[in-house]
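Here's a quick briefing to read alongside the model. Grab the viewer and follow along, topic by topic.

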Amino acid sequence: MLGVDDVRDQVGSIGFGCRGCGACCRRVAEDSNLVIVSPAEVRAIMAATGMAWDEVAEPYPDFIDAGNGGEYTLAWCIRRTADACIFLRDGRCSIYAHRPWICRTYPFMLVDDDLLVSECPGLGTPLSPGAAHDVALGLCRRQVAEAAEEAGVRAVYRKARVPPGGRVVIDSEGVKVLHD
Ligand code: SF4
């Protein structure tokens with residue numbers, strides 16, 4: 001796992017400044033507006049907005065055949081309209097203070113020891129050392145949060161039972177049966 005200083009140096013050399021275009025919240029390609037969220041992030045948005053779970057989140061769209069007529073998926077995403085995140089209003093994030101890690105750290109992502117960079121018109125904008133440090137700190141915290149969620153999902157998955165013919169989401173909190 002990279003340290004904050006290493007990530008800061010890499011982010012600083014790439015450069016980034018959000019232009020507020022909202023492109024990362026819109027569907028510009030298949031599933032480009034797919035924002036995976038942990039149960040903790042869903043609950044934080046529910047608390048901030050008063051919305052219900054199903055109003056905030058939808059199942060990750062790739063379901064896996066459970067072999068008994070049932071199927072499961074292993075994550076939640078922020079609910080989407082046909083062309084954007086439901087929380088994009090008037091070109092701005094309406095839950096900005098409570099936005100998920102993916103949104104907080106876009107266009108960067110840490111995967112093991114690699115810094116991945118997604119397309120973004122704000123790339124290349126000079127960053128101060130302090131701003132690069134803040135981005136790096138967010139990325140490292142996101143990586144820790146994602147590792148904890150993955151471990152939680154694995155622990156639930158080991159004991160999970162998908163009901164015959166049922167559709168479920170297996171997350172770190174348990175097996176959640178979907179009702180049409
Ligand atoms: S939660 Fe906010 S920042 Fe994240 S995709 Fe939706 S509108 Fe954009």
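Asp-90 sits in the loop between strand E6 (88-89) and strand E7 (92-93). Bear in mind that this is a predicted model.

- Asp-90 has a phi near 50°, a positive value in a residue other than glycine. With a relative accessibility of 81%, Asp-90 counts as exposed.
- Asp-112 is another residue other than glycine with a positive phi, this time near 55°. You'll find Asp-112 in the loop between E8 and E9, and its relative accessible area of 60% makes it exposed.
- For context, most residues other than glycine have a negative phi, and most peptide bonds are trans.
- On the peptide-bond side, look at the link between Tyr-106 and Pro-107: it's cis, with omega at about 10°. Pro-107 belongs to the loop between H4 and E8.

**The E8-E9 hairpin**

- E8 and E9 make a hairpin with two residues between them. The two strands run antiparallel and are joined by four bridges.
- What are the covered and uncovered faces of E8 made of? Phe-108 and Leu-110 are on the covered face, and Met-109 and Val-111 are on the uncovered one.
- Asp-114, in strand E9, is partly exposed, with a relative accessible area of 48%.

**The three-stranded sheet**

- There's also an open sheet of three strands, in the order E1-E5-E2, with antiparallel pairing. E1 and strand E2 (57-59) are its edge strands, each pairing on one side only.
- E2 and E5 run antiparallel and are joined by three bridges. Pro-59 has Trp-76 in E5 as its bridge partner.

**Helix H5**

- How well does the span of H5 agree with its residue count? At 1.5 Å a residue, its 31 residues should span 45 Å, and the end C-alpha atoms are 46 Å apart, which agrees.
- The buried residues of H5 are Ala-132, Ala-136, Gly-138, Leu-139, Cys-140, Arg-142, Gln-143, Gly-152, Val-153 and Val-156.
- What do those buried residues pack against? Their partners are H1, helix H4 (101-105), E8, strand E9 (114-117), strand E10 (167-171) and strand E11 (174-177).

**Nonpolar cores**

- The largest nonpolar core has 16 residues, and Val-42, Ile-45, Val-56, Trp-76, Ile-78 and Phe-87 have the most contacts inside it. Helix H2 (39-49), helix H3 (53-56) and strand E5 (76-78) each supply at least two of its residues.
- A second, separate core has 11 residues, including Leu-2, Val-11, Phe-16 and Cys-140.
- Leaving aside neighbours within four places in sequence, Val-56 is in contact with Val-42, Ile-45, Met-46, Met-51, Cys-77, Ile-78, Arg-79, Ile-86 and Phe-87.

**Aromatic pairs and charges over rings**

- The structure holds three aromatic pairs. One of them is Phe-16 with Phe-108: the ring centres are 5.8 Å apart and the planes are at 85°, so the pair is edge-to-face.
- Phe-16 comes from the loop between helix H1 (4-14) and strand E1 (36-37) and Phe-108 from strand E8 (residues 108-111), so this pair ties together parts that are 92 residues apart in sequence. Phe-16 and Phe-108 are both buried.
- Tyr-72 and Tyr-157 have ring centres 5.8 Å apart and planes at 55°, so that pair is tilted. It links distant parts of the chain, with Tyr-72 in strand E4 (residues 71-73) and Tyr-157 in helix H5 (residues 129-159), 85 residues apart.
- Is each of these tyrosines buried or partly exposed? Tyr-72 is buried at 10% relative accessible area, whereas Tyr-157 is partly exposed at 40%.
- Two arginines are worth a look here. Arg-99 lies over the face of Tyr-96, 3.7 Å from the ring centre, and the charged end of Arg-167 sits over the ring of Phe-63, 4.1 Å from its centre.

Key: Residues are numbered from 1 along each chain as its sequence is written. This is a predicted model: local features need pLDDT of at least 70, side-chain atom pairs count only at pLDDT 80 or more; totals for chains, interfaces and linings use all residues. Side-chain values use heavy atoms; hydrogens and water are left out. A nonpolar core is a set of buried Ala, Val, Leu, Ile, Met, Phe, Trp, Tyr and Cys residues joined through side-chain atoms within 4.5 Å. Buried means under 20% relative accessible area, exposed over 50%, partly exposed in between (1.4 Å probe, protein chains only). Contact means heavy atoms within 4.5 Å. Rings of Phe, Tyr and Trp (its six-membered ring) pair if their centres lie within 6.5 Å; planes under 30 degrees apart count as stacked, over 60 as edge-to-face and the rest as tilted. A charge sits over a ring if NZ of Lys or CZ of Arg is within 6 Å of the ring centre and within 35 degrees of the ring normal. The expected span of a helix is 1.5 Å times one less than its number of residues. Two strands pair if DSSP finds at least two bridges between them.
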